[in-house]
Amino acid sequence: MEGGVTVAGKAEFKECLRLTWTQPYILQLVLSAGIGGLLFGYDTGVISGALLYIRDDFAAVEKSTVLRETIVSMAVAGAIFGAAVGGWMNDKFGRKPSIIIADILFLGGALIMALAPTPQVIIVGRVFVGLGVGMASMTAPLYISEASPARIRGALVSTNGLLITGGQFLAYLINLAFTTVPGTWRWMLGIAGLPALVQLVLMLMLPESPRWLYRKGRKEEASAILRKIYPANEVEHEIDAMRQSVEDEVLLEGSIGEQSLFGKLRKALGSKVVRRGLLAGVIAQVAQQFVGINTVMYYSPTIVQLAGFASNNTAMALSLITSGLNAVGSIVSMFFVDRAGRRRLMLISLVGIVVWLAVLGGTFMGAAHHAPPVSELETQLLANQTQTCPEFSPQVHWSCVDCLKASSTCGFCAHQGDKLLPGACLALNDASRGTCRADRREFYTEGCPNNFGWLALIGLGAYIVSYSPGMGTVPWIVNSEIYPLRFRGVCGGIAAVANWVSNLIVTQTFLSLTKALGTSATFFLFCGVSFLALILVFLTVPETKGLQFEEVERMLERKDYKPWKRYRGADDAEPVKGGREIGLAMP
């Protein structure tokens, strides 16, 4: 049995394109697969821009960072539960019904958000969308792998992953397109229901997974589906291969003995091989989130505003850069992961992440240090037309940073001629915002005007370039290779839950951290966590490149096992002479 994830080659993608145009069934499958990934990515990206306008429409959201974090993170919380329930539904009812239910949840959530009269209703819609995302994220790739022709399976699964980042980029484009339309955020969130509806219709016309049908004893139905997928001269061979694979799977489950989740988990943790593999897999997944990537994906326009760009439109336009770089990085990873190796890519990625998070922290520190002061004269000039920030006192020297940190929630109205000159500190409300903008001034609520904004954008882009090809994709590949086959399901589930929970923690705390610690200190905190992740990955994650599943298992059970040693793919899995470090030396 060959180990690892099959990375689709050029010939496989060409065959995929050919079959897409010649066989209607394959075309439907490609569309369904693409929409599943697209929905996952779209939901990640769309909330980042919509949040700016939700904040403008609801004073409670404007004044509460926790409420903003909750609106974002409840989709992640729903996804955790959706993924757990989705696993049970996949086995009980099949792959096709699970995807259909996920589409219904996503469509319902999109409609609830689009029509929401209050922030609380938006949160309910986010939970529904999260449930759909969680179910689809684990069901769609499984359905594709089981219901597609073997010769293009890798290409279709790779396309599904690639379109997740494509969905994020599309979300930023759509956000930008609706900035001047009445209802802004309602259109941004509601339009996600259209792809879900299309996928729902397509799935109604597609068959169930033949593998699932065969396991349930519906062998004739499974055979009929395979006859639609494969040429007549290949059908019998594929049916026989599926029968053998299912029988081996049943025997494997029988060898574990325990059928309950806790029973399987107890037996898995009793194995040294599983413990070592699970430690590496979970650390890789947690590190993927704790380096702060979803602060960028979920809050990218807000971060751009923290860098000193006040306009919502400008913030979203510049956020397109980060999303585009993330998509390009995913493509780069597909070409290099089998050349450079998994461990090496992760370590290089983490080094870049640490460096650029430090640059971002320093940039925001410089921006805060050079923030324009609050002028009593400027404040009094506008105080006749609106309300001064309650905490502001002329006897105390305040800068823009102090103004934005005020407990009553205030905004900074920049100088009319030069935004770096002293400005006014006003109470944060529609009247203050309107008065400031009517005088052709910029009104800042997140970050302060400065000359460091473009440096922050460069640092943000470099951070994405460092993250995407390595930590963005490799942890999932490592987790598909490092567990013994008989425990792959339960261990993969634990690692996936660790990833989602870490995502939830980061998403729910980022804005609060920027308020409590300051933007620069928050990025320095992520920098420190990323450095710790670099050390832990170095000490715990082995190289699995080129090793079969059985060879990975033998490597992990060795008494002299060291993750930083290079092992051959031979039967005895002996370390390479000299013990060169895997992550830092080419083969």
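Student: How do the residues lining the second largest cavity divide into nonpolar, polar and charged?

Tutor: Bear in mind that we're looking at a predicted model. That lining divides into 7 nonpolar residues, 2 polar and 1 charged. The residues themselves are Phe40, Asp43, Thr44, Ala75, Val76, Ala79, Gly130, Val133, Tyr298 and Trp500. Helices H2, H4 (65-93) and H6 (119-147) each give two or more residues to this lining. The volume of the second largest cavity is about 50 Å³.

Student: How many cavities of 30 Å³ or more does a search of the whole structure find?

Tutor: The search finds 4. The largest cavity holds about 60 Å³ of space.

Student: Which residues line the largest cavity?

Tutor: Here you'll find Arg55, Asp56, Gln305, Ala310, Asn312, Arg433, Arg437, Phe443 and Thr445. Helix H2 (24-57) and helix H20 (430-438) are the elements that give two or more residues to this lining. By type, the lining of the largest cavity has 2 nonpolar residues, 3 polar and 4 charged.

Student: Let's turn to helices. What should I know about the way residues point along an α-helix?

Tutor: With 3.6 residues a turn, residues three or four places apart point the same way.

Student: Where does H15 bend?

Tutor: Go to Tyr299: the helix bends there by about 90 degrees, and Pro301 follows within four residues. After the helix comes Gly308, with a positive phi near 115 degrees.

Student: Is H15 enclosed by the rest of the structure or exposed, and how many of its residues are buried?

Tutor: To call a residue buried, we ask for a relative accessible area under 20%. In H15, 14 of the 14 residues are buried, so the helix is largely enclosed by the rest of the structure.

Student: Can we try that cut-off on a single residue? Is Arg95 buried or exposed?

Tutor: Arg95 is found in helix H5, residues 95-114. Its relative accessible area is 8%, so Arg95 is buried.

Student: Which backbone oxygen lies 3.1 Å from a polar atom of the side chain of Arg95?

Tutor: That oxygen belongs to Asn90.

Key:
Residues are numbered from 1 along each chain as its sequence is written. This is a predicted model: local features need pLDDT of at least 70, side-chain atom pairs count only at pLDDT 80 or more; totals for chains, interfaces and linings use all residues. Side-chain values use heavy atoms; hydrogens and water are left out. The bend at a residue is the angle between axes fitted to the seven residues ending there and the seven starting there. Buried means under 20% relative accessible area, exposed over 50%, partly exposed in between (1.4 Å probe, protein chains only). On a 1 Å grid over the protein atoms alone, a cavity is a set of points where a 1.4 Å probe fits but cannot get out, and a pocket is an open set with protein on both sides within 12 Å along at least five of seven lines; lining residues have an atom within 4 Å of a point. Grid points are joined across faces, edges and corners, and a volume is the space filled by probe spheres set on the points. Ala, Val, Leu, Ile, Met, Phe, Trp, Tyr, Cys and Pro count as nonpolar, Asp, Glu, Lys and Arg as charged, and the others, Gly among them, as polar. A polar contact is a pair of N or O atoms within 3.5 Å; within protein, one must be able to donate a hydrogen and the other to accept it, and residues adjacent in sequence count only if both atoms are side-chain atoms.
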